[in-house]
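Thanks for coming, everyone. I'll walk you through one structure today, helix by helix and pair by pair. Please have a look at it first.

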Amino acid sequence: TLGKSAGLNGVVCSALEAGEIKQQFGADFMTVTPGIRPKFASTDDQRRIVTPAEAKLIGVDAMVIGRPITKASDPLWALNEIVNEIS
């Protein structure tokens, strides 16, 4: 609420709150979500995670997917798996 009233175009939030944020502030209020973990990846230190496919269904605008790609033995494979999961 503070971000919206301050004139921000969106927020960084858990994907678990993104749907509620969209309902409250409209579809054009952007949600950027860390803690996205594809099915093949470990959760690492993230506790409140969703898969890329789940995030897409929720309506997340931008997914932050770092370690599952950068720590993969084959980052291009990991990226392609994520794209396939979202598709």
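Let me start with a definition. Two rings of Phe, Tyr or Trp count as a pair if their centres lie within 6.5 Å. Planes under 30 degrees apart are stacked, planes over 60 are edge-to-face, and the rest are tilted. Keep in mind that this is a predicted model.

So, how many aromatic pairs does a search of the whole structure find? Two. Here is one of them: Phe25 and Phe29, with ring centres 5.4 Å apart. Their planes meet at 50°, so this pair is tilted. Both Phe25 and Phe29 are buried.

Phe25 brings us to helix α2, which covers residues 15–25. Which residues of α2 are buried? They are Ala15, Ala18, Ile21, Lys22 and Phe25. These five residues span an arc of only 100° around the axis, which puts them on the same side of α2. There is a general rule here. An α-helix has 3.6 residues a turn, so residues three or four places apart point the same way.

The face of α2 away from the buried side carries Glu20, Gln23 and Gln24, which are exposed. And what covers the buried residues? The cover includes α1, β1, β2 and α3.

Next, the two ends of α2. At the start, a side-chain oxygen of Ser14 comes to within 3.0 Å of the backbone nitrogen of Leu16. Ser14 itself sits in the loop between β1 and α2. Ser14 is buried, at 14% relative accessible area. Leaving out residues up to four places away in sequence, Ser14 touches Thr33 and Arg48. Just after α2, Gly26 has a positive phi of about 100°.

On to the core. In soluble globular proteins, nonpolar side chains tend to be buried together. In this model, the largest nonpolar core has 12 residues. Among them are Cys13, Ile36, Val50, Ala55, Val60, Ile65 and Ile82. Where does the largest share of this core come from? From α2, with four residues. Phe29, from our aromatic pair, belongs to the core as well. Take Ala55 as one example of the packing. Ala55 touches Ile36, Val50, Val60 and Met63, again not counting residues up to four places away in sequence.

Last topic: charge. Side chains of opposite charge can pair when their charged atoms come close. This structure holds two salt bridges.

Begin with Glu17 and Arg48, whose side chains meet at 2.5 Å, N to O. Glu17 lies in α2 and Arg48 in the loop between β2 and α3, so the bridge ties together parts that are 31 residues apart in sequence. Both ends are partly exposed: Glu17 has a relative accessible area of 29%, and Arg48 has 43%.

Then there is Asp61 with Lys22, where the closest N and O atoms are 2.4 Å apart. Asp61 is in the loop between α3 and β3, Lys22 is in α2, and 39 residues separate them. Lys22 counts as buried, because its 14% is under the 20% cut-off.

How values were computed. Residues are numbered from 1 along each chain as its sequence is written. This is a predicted model: local features need pLDDT of at least 70, side-chain atom pairs count only at pLDDT 80 or more; totals for chains, interfaces and linings use all residues. Side-chain values use heavy atoms; hydrogens and water are left out. A salt bridge is a side-chain nitrogen of Lys or Arg within 4 Å of a carboxyl oxygen of Asp or Glu. Buried means under 20% relative accessible area, exposed over 50%, partly exposed in between (1.4 Å probe, protein chains only). Rings of Phe, Tyr and Trp (its six-membered ring) pair if their centres lie within 6.5 Å; planes under 30 degrees apart count as stacked, over 60 as edge-to-face and the rest as tilted. The arc is that of the directions from the helix axis to the C-beta atoms. Contact means heavy atoms within 4.5 Å. A polar contact is a pair of N or O atoms within 3.5 Å; within protein, one must be able to donate a hydrogen and the other to accept it, and residues adjacent in sequence count only if both atoms are side-chain atoms. A nonpolar core is a set of buried Ala, Val, Leu, Ile, Met, Phe, Trp, Tyr and Cys residues joined through side-chain atoms within 4.5 Å.
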